[in-house]
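The sequence and the model come first.

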Amino acid sequence: MTDAKQIIEETVKSNDVVLYMKGTKTMPQCGFSSKVSGVLNYMGVEYADVNVLADENIRQGIKEYSDWPTIPQLYVKGEFVGGCDIITEMTLSGELDQLFDENGVGYDKDAAEKIREANS
């Protein structure tokens with residue numbers, strides 16, 4: 001499991017935004033992963049996607065790394081942000097925009113606003 005932890009740490013630290021998910025950003029394989037990747041894709045965020053279904057060690061390792069039991073998991077600038085419910089709440093409250101702004105992550109502010117308008 002040490003190898004998995006090392007791989008995860010390198011991935012999280014070498015990418016500004018990383019989404020550990022079931023499937024890929026172009027072909028999610030679970031509703032929760034689809035929802036988070038859909039938000040990031042719509043907002044035009046550049047992010048690394050890691051398909052946990054492709055490697056059981058990574059799938060288990062990410063849960064231990066974050067001490068979070070579910071997937072998807074979003075990381076920004078090396079820090080664990082949360083899973084689907086947290087990302088959804090942060091998107092709707094504007095906190096995700098704030099997090100991206102604070103960390104210099106590019107995204108489409110108009111798209112973020114459209115998500116909020118559609119869900120209000």
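## Helix α3 and the sheet

Helix α3 (residues 56-66) lies across β1, β2, β3 and β4, and runs at about 60 degrees to β3. Helices (H or I, at least four residues) and strands (E, at least two) are DSSP runs, numbered from the N terminus. Axes are lines fitted to C-alpha atoms, for helices over the stretch in contact, and angles run from 0 to 180 degrees between N-to-C directions.

The model is predicted: local features need pLDDT of at least 70 and side-chain atom pairs count only at pLDDT 80 or more, while totals for chains, interfaces and linings use all residues. Residues are numbered from 1 along each chain as its sequence is written, and side-chain values use heavy atoms, with hydrogens and water left out.

## Strand order and pairing

The open sheet has four strands in the order β2-β1-β3-β4, with mixed pairing. β2 (48-51) and β4 are at the edges with a single partner strand each, so one side of each has no neighbour in the sheet. On average, neighbouring strands are turned by 25 degrees against each other, direction ignored. Two strands pair if DSSP finds at least two bridges between them.

β1 and β2 are parallel and share four bridges; Met21 has Asn51 of β2 as its bridge partner. Strand β1 (residues 17-21) is antiparallel to β3, also with four bridges, and Leu19 is partnered by Leu74. Three bridges join β3 to strand β4 (residues 79-82) in the antiparallel sense, with Val76 opposite Glu79. The β3-β4 hairpin has two residues between its strands, and Lys77 in the turn has a positive phi of about 50 degrees.

## Burial

Strand β3 (residues 73-76) is covered on both faces: Gln73 and Tyr75 on one side, Leu74 and Val76 on the other, are all buried. Buried means under 20% relative accessible area, exposed over 50%, and partly exposed in between (1.4 Å probe, protein chains only).

Thr11 is in helix α1 (residues 2-14) and counts as buried at 18% relative accessibility. Beyond its neighbours within four places in sequence, Thr11 is in contact with Val18, Tyr20 and Val50; contact means heavy atoms within 4.5 Å.

## Helices α2 and α4

The axes of helix α2 (residues 31-42) and helix α4 (residues 84-93) come within 9 Å and cross at roughly 30 degrees. The two helices are therefore roughly parallel to each other (angles under 35 degrees count as roughly parallel, over 145 as roughly antiparallel, 65 to 115 as roughly perpendicular and the rest as oblique). Phe32, Lys35, Val36 and Val39 of α2 meet Cys84, Ile87, Thr88 and Thr91 of α4.
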